[in-house]
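Subject: Structure handover and notes

Hello,

Please find the structure below, with my notes after it.

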Amino acid sequence: MLFWRNTTENAAGAWEPETAQGSFGRLWGMFLNARVAIAAVLVILQEALQALGTPLNFWTLAVCIAYLGATLAVRLWAPPRPLNSTFDGFWVLTIGVDVMVFSLLNFYQASVPNYTPLFALPVLLASVLGPIVLAFGTAASVTLLLLADAAGTAVQGGGEVNARLLQAALSGSGFFLVALLANQLATRLAREEKLTKESQSAARMQIQVNELVVATLAEGVLVMDGNGFVRSANPAARRLLAAQETAFPAPFKLGAQSAWQPLVELMQHTFAQQSAYESNISLVHPGLNARRLQVRSRLTESRDGPHESLCVMFLEDLREMEARVRIEKLAAMGRMSTAVAHEIRNPLAAIAQANALLEEDLQEASQRQLTAMIAQNAQRLAKIVDEVLDISRAQQEIPAPQTTSLWLDEAARRIANDWARQNASSGQLRICTDCANTEVGFDDDHLRRLMLNLLDNALRYTSGAAQGIEVSTQRVAPGQARLSVWSDGQTLEETVQAHLFEPFFSSESRSTGLGLYICRELCERYGAQIGYQRVPRENIQGNEFFIMFQPASQRLRTELPSMDSVLV
């Protein structure tokens, strides 16, 4: 069984055989070199015997020279062979030639030397590099040739015939044993090498998986030795360590920057105590705000003597941790609020119905005033419940791709006029549309809910002057439109602006703080963006909430035009 790799194309485009790699490739080369060396030794031996006075046998010399040429040809120009090749022309040039040459030498020998041990080379070659059938076949052919040579000597009248036959039989038995043992060892070597390659492949794959996992972690990972050199750092760790967009190719010295000194002290403490450690530290870069990190250090166990222990640090930005905690709290609060709203809704409806029935039987003004207060507060509670439930509805409703588009000007004008009639605010509202024939990807009911929230806010904070509220549309790019709701209210405080679209945040004690949050959820559902800015209208400063819509045929998020505003 010859181990050759397939031909490969080199950089120049020529095709050339590639030598077999691994244990069997080295064995194959060793056998070819051994054949060349034996052939050269045989030629030199014939010359040496002639120099010592032994009559030269020209047939023996010719056979040795021809064998040397054949071995050199096989060594230099032997083509690659497929695996498990047995009896073919190539084996005739290797094992067959060896057996034939050694048989001729054994036949032409006079007294010395004895060429029988040379048969071990083709037997080993067939046993190690071929299947068991070829190994036993070669041993059998060698044994038959030795027996035939012994029988031929007996026919010619040579002495000690029995001894020669016994010697040939013993030699043949030894060749069979060598063939069996060598083939078993070669088979085991092939199996072990295959397992080794599979293990190496699995190890390389596991290393690649580990590298991908570590590289994509949001948590920073640093691997350091006892001298403070960082052997490895994932992208998150580099981002947390760097003051700006600075590259730190590993390995680098952890003490190279003064801002990293807390990490150096933590690393030294970990090595000194030989135990895990956890601490919160601050990295202070000159001219920048301090970056607070939670650091957990672990030591790798050095089970092999030559390998040193390494310190692995896990870095996490405390601000990101706090943000995740806030998000989890808000999510839990939202689930709880939804559950509570569902529980409140039924008894609240019963209270409102009972109050309406009671009001029908009351005649006194004071008593009817009390029922009116009950009805008013029940209605307020119902509105709060509806706002809480609107959050879950906005997250669960999935718009149909082919039915969620509308003409923005027409829809905005209709919704604004309906709102003005319901709130008796026609004198305060001004409508300016400039998006003729512009279709946007948004559902009509959701746009109504969005605009009513914004208009209610505008009415709540407006000064009450005529045309103190404005609804306008504008085309900002081909196929892209903008809707804004402006009011002439007072400037919002910076702390209020920073939390405008967060749930349950409100500057009023009687508000749930869910209106703008629901607006943001609806916009994100359709790929739109909502924002706030302070802008003038006819030389009057006011608060503007604006929505950037995607075209009906495209719902991908795009960047908003550059403006001094707060975007969500």
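Contact here means heavy atoms within 4.5 Å. Among contacts in the protein chain between residues at least 6 apart in sequence, 64% join residues at least 24 apart.

This is a predicted model, in which local features need pLDDT of at least 70 and side-chain atom pairs count only at pLDDT 80 or more, while totals for chains, interfaces and linings use all residues. Residues are numbered from 1 along each chain as its sequence is written, and side-chain values use heavy atoms, with hydrogens and water left out.

Overall content

The protein chain has 14 helices and 16 strands. Helices (H or I, at least four residues) and strands (E, at least two) are DSSP runs, numbered from the N terminus. Of the 568 residues in the protein chain, 38% are buried. Buried stands for under 20% relative accessible area, exposed for over 50%, and partly exposed for values in between (1.4 Å probe, protein chains only).

Two strands are taken to pair if DSSP finds at least two bridges between them. Strand 7 (residues 291-299) and strand 8 (residues 311-317) run antiparallel and are joined by seven bridges. In this pair, Leu299 is opposite Cys311 in strand 8.

The loop between helix 8 and strand 6 contains Gln274. Gln274 is not a glycine, yet has a positive phi of about 55°. Most residues other than glycine have a negative phi. With a relative accessible area of 51%, Gln274 is exposed.

Strands 13, 14 and 15

Strand 15 (residues 540-548) has antiparallel pairings with strand 13 (residues 480-487), over six bridges, and with strand 14 (residues 529-537), over nine bridges. Arg482 has Met548 in strand 15 as its bridge partner, and Pro536 is opposite Gln541 in strand 15. Strand 15 is mostly covered, with seven of its nine residues buried.

Strand 14 and strand 15 form a hairpin with two residues between them, and Glu538 in the turn has a positive phi of about 55°. Asn539 is in the loop between strand 14 and strand 15. Asn539 also has a positive phi, of about 65°, although it is not a glycine. Its relative accessibility is 80%, so Asn539 counts as exposed.

Helix 12 against helix 14

Helix 12 (residues 444-461) and helix 14 (residues 515-525) pack at an angle of about 150°, and their axes are 10 Å apart. The two helices are therefore roughly antiparallel to each other. On the scale used, angles under 35 degrees are roughly parallel, over 145 roughly antiparallel, 65 to 115 roughly perpendicular, and the rest oblique. The crossing of helix 12 and helix 14 is left-handed, meaning that the near helix is turned anticlockwise from the far one by less than a right angle (right-handed if clockwise).

From helix 12, His446, Arg449, Leu450, Asn453, Leu454 and Asn457 meet Gly515, Leu516, Ile518, Cys519, Leu522 and Cys523 of helix 14. The residues of this contact divide into seven nonpolar, four polar and one charged. In that count, Ala, Val, Leu, Ile, Met, Phe, Trp, Tyr, Cys and Pro are nonpolar, Asp, Glu, Lys and Arg are charged, and the others, Gly among them, are polar.

Leu516 in helix 14 has 10% relative accessibility and so counts as buried. Leaving aside neighbours within four places in sequence, Leu516 is in contact with Leu454, Asn457, Leu500, Phe501 and Phe545. The C-alpha atoms of Leu516 and Leu450 are separated by 8.5 Å, and the two residues are 66 apart along the chain.

Helices 4 and 5

In helix 4 (residues 120-129), eight of the 10 residues are buried, including Leu121, Pro122 and Val123. Helix 5 (residues 132-155) contains Thr143, which counts as buried at 11% relative accessibility.

Regards

Terms used
Axes are lines fitted to C-alpha atoms, for helices over the stretch in contact, and angles run from 0 to 180 degrees between N-to-C directions.
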